Amino acid sequence: MKSKKNPNADIGRNSSLYFMVGLTVVLFTVWQLLEYKTYETENDFVQVLEVADNIDEDVPVTEQIRTAPPPPPPSAPAIIEVVEDELEIEETVIESTESSQDTEIAEAIAVDDVSVGEEEEDISVPFAVIENAPVFPGCEDLGSETERKACFNKKMLEHIRNNFKYPKTALELGITGRVFVKFDIDSKGRVSNILKRGPDRLLEDEAARIIALLPQMKPGQQRGRATKVTYSIPINFVVQ
């Protein structure tokens, strides 16, 4: 079978050349269009100025408000009448209450009728010099005062050992030291006015807690009367 195509008529022989020429022409045209500049004519600029000069502004119309003048003050009456005061006022006579030498005293007050009461003084006596020391529960059967004081000190140490709890935070931080505690045993045998002084607040609070747990005692006596007694004791906090 014979080919019908003419070998001398090859359409795509110079297609790449035509493509490059066409692409160059298109790019040149686009570049010229982008670089093309236009300017406003003088007539257009003058027209814009004339339009701007013809703009009218609307000025708001204001109205002045006129207030009415205040009313005139009332005029005084032409005739003033004077009314006579006919009411009679009785004067009050104030008598003097001062006494003189001529004044007689009707009744005299007897001195024997006045009673004078004795005021009780709130005296605090130290434990070492009190005549009759407070009696700790369990020391009532002892006969001498020396034995009762020794029993008091022994019971106090036992109370501290039985109720002693080392503060956990102070134990973890390694806080040690001695806390001096001072308190009163009042005329009713109750503990009051607890004072403490130590190296740390945690140890002071624990010492005050131990003293506050003390039981009620038989109050101390001075000259046959129940008296407040002051007692002091140190509490050692040592980590072994």
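Two strands are taken to pair if DSSP finds at least two bridges between them. Strands (E, at least two residues) and helices (H or I, at least four) are DSSP runs, numbered from the N terminus. The structure is a predicted model, in which local features need pLDDT of at least 70, side-chain atom pairs count only at pLDDT 80 or more, and totals for chains, interfaces and linings use all residues. Residues are numbered from 1 along each chain as its sequence is written, and side-chain values use heavy atoms, with hydrogens and water left out.

Strand 2 (residues 177-185) runs antiparallel to strand 5 (residues 225-237), and nine bridges join them. In this pairing, Gly-177 stands opposite Phe-237. Strand 2 is also antiparallel to strand 3 (residues 191-197), through five bridges, with Asp-184 opposite Ser-192. The hairpin of strands 2 and 3 has five residues between the strands, and Gly-189 there takes a positive phi near 85 degrees.

Rings of Phe, Tyr and Trp (its six-membered ring) pair if their centres lie within 6.5 Å; planes under 30 degrees apart count as stacked, over 60 as edge-to-face and the rest as tilted. Nine aromatic pairs are present. One of them, Phe-127 with Phe-152, is tilted, at 4.9 Å centre to centre and 35 degrees between the planes. Phe-127 lies in the loop between strand 1 (124-126) and helix 3 (145-163), and Phe-152 lies in helix 3, so the pair ties together parts 25 residues apart in sequence.

Buried means under 20% relative accessible area, exposed over 50%, and partly exposed in between (1.4 Å probe, protein chains only). Phe-127 counts as buried at 10%, and Phe-152 is buried at 0%.
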